[in-house]
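Subject: Structure for your review

Dear colleague,

Please find the structure below, handed over for your own work. My notes on what was found in it follow directly after.

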Amino acid sequence: MNDRLKSTISCSLLLARKYIIILLAVELLTAAALYISRDSFDFAVGTDMLPLLLTMLSGMSFFERHNAFCTANAVSRRNRVISAGVTSAVICLIVAVGNGIAWGISTDIWISFAEIIRTVAHMRMMSGGNIPIDIIELFFFAEALFFLGYFLGGLRYTIGNTLTMIILAVLAAVMTGSIFLEETMNFTPAMAVLYIPSLMQRSIFTAILLSIIFAAAFFLLSIKLSEVTVEKRRGG
């Protein structure tokens with residue numbers, strides 16, 4: 001690893017330091033709250049929802065800061081990609097390991113958000129969690145959310161806030177409308193979009209693979225947007 005890449009990674013982590021500090025604080029508070037109240041409940045559920053939301057928001061915020069930095073310092077495409085990947089990995093490790101610690105000190109039964117999704121996709125008995133496996137699953141699930149946010153940040157910068165919000169609203173309307181259409185139709189637009197992802201929720205292994213695919217896809221799309229925005233900044 002050359003000095004320029006090391007400097008790029010260090011600066012990228014500094015750009016994301018606000019969300020890293022917030023996530024660390026949230027994880028510590030969550031672990032403390034669960035430990036204090038560990039005798040009041042038999043299982044923990046939903047403790048990873050706020051950290052996952054913050055992960056997506058951190059991706060949205062990080063895109064513009066990171067690309068502004070890369071443009072100003074003529075950072076190469078390779079170094080931009082590596083530094084973004086390292087930053088996302090640090091943030092997602094905080095989320096995954098932090099929740100694993102919180103679960104481990106609080107209760108014998110916990111339900112992660114990723115397991116909730118798998119259970120809704122294919123109704124089954126919840127497993128109650130396995131810390132090592134849940135940490136791995138949550139890490140890649142968080143990676144997918146980070147790069148979803150990263151992609152949305154690039155989309156917002158490229159086409160503007162208003163058009164981005166319109167696109168998201170249309171997608172939400174299609175998904176929501178499909179729920180009501182289920183009463184009159186056997187196959188809805190949402191089913192067409194979510195059919196394969198739903199099938200991949202049958203097991204933890206395929207669910208992790210799905211998260212990796214989504215993370216890679218959003219990352220690749222974000223890289224394309226990154227190149228567009230870098231040229232836009234240089235031209236502006």
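Residues 24 or more positions apart account for 80% of the contacts in the protein with a separation of 6 or more, where contact means heavy atoms within 4.5 Å. This is a predicted model, in which local features need pLDDT of at least 70 and side-chain atom pairs count only at pLDDT 80 or more, while totals for chains, interfaces and linings use all residues. Residues are numbered from 1 along each chain as its sequence is written, and side-chain values use heavy atoms, with hydrogens and water left out.

Overall composition

The secondary structure comes to nine helices and two strands; both are DSSP runs numbered from the N terminus, helices being H or I with at least four residues and strands E with at least two. Along the sequence, these elements follow the pattern α-α-β-α-α-β-α-α-α-α-α. Of the 236 residues of the protein, 41% count as buried. Here buried means under 20% relative accessible area, exposed means over 50%, and partly exposed covers the range in between, with a 1.4 Å probe and protein chains only.

Helix H4 and its partners

Helix H4 (residues 77–106) packs with helix H1 (residues 3–15) at an angle of about 45°, and their axes are 9 Å apart. The axes are lines fitted to C-alpha atoms, for helices over the stretch in contact, and angles run from 0 to 180 degrees between N-to-C directions. H1 and H4 are therefore oblique to each other; angles under 35 degrees count as roughly parallel, over 145 as roughly antiparallel, 65 to 115 as roughly perpendicular and the rest as oblique. The crossing of H1 and H4 is right-handed. A crossing has that hand if the near helix is turned clockwise from the far one by less than a right angle, and is left-handed if anticlockwise. On the H1 side, Arg4, Leu5, Thr8, Ile9, Ser12 and Leu13 take part, and they meet Arg78, Asn79, Ile82, Ser83, Val86, Thr87 and Val90 in H4. The residues of this contact divide into six nonpolar, five polar and two charged. In this division Ala, Val, Leu, Ile, Met, Phe, Trp, Tyr, Cys and Pro count as nonpolar, Asp, Glu, Lys and Arg as charged, and the others, Gly among them, as polar.

Helix H3 (residues 49–72) also packs with H4, at an angle of about 160° and with the axes 11 Å apart. H3 and H4 are therefore roughly antiparallel to each other, and their crossing is right-handed. From H3, the residues Pro51, Leu52, Thr55, Ser58, Phe62, His66, Asn67 and Cys70 meet Arg80, Ser83, Ala84, Thr87, Ile91, Cys92, Val95 and Asn99 in H4. Eight nonpolar, seven polar and one charged residue make up the contact of H3 with H4.

The loop between H3 and H4 holds Ala74. Ala74 has a positive phi of about 50° although it is not a glycine, and at 53% relative accessibility it counts as exposed.

Individual residues

Two further residues of H4 may be of interest. Arg77 lies in this helix and, at 42% relative accessibility, counts as partly exposed. Arg77 and Ile223 are 146 residues apart in sequence, yet 8.4 Å apart in space, C-alpha to C-alpha. Not counting residues up to four places away in sequence, Arg77 touches Ile223 and Glu227.

Ser88 is also found in helix H4, and its relative accessibility of 1% makes it buried. Between the C-alpha atoms of Ser88 and Ser58, which are 30 residues apart in sequence, the distance is 9.1 Å. Leaving aside neighbours within four places in sequence, Ser88 is in contact with Glu143, Phe146 and Phe147.

Helix H9 (residues 204–235) contains Ser211, which is buried at 7% relative accessibility. Ser211 touches Phe140, Phe141 and Ala144, again not counting residues up to four places away in sequence. Tyr157 lies in helix H6 (residues 131–159) and is partly exposed at 21% relative accessibility. Its C-alpha atom is separated by 8.9 Å from that of Leu225, 68 residues apart along the chain.

Cysteines

A search of the whole structure finds zero disulfides, a disulfide being a pair of cysteine sulfur atoms within 2.5 Å. For Cys11, the nearest cysteine sulfur is that of Cys70, 9.6 Å away. Cys11 is partly exposed, with a relative accessible area of 28%, whereas Cys92 counts as buried at 0%.

Yours sincerely
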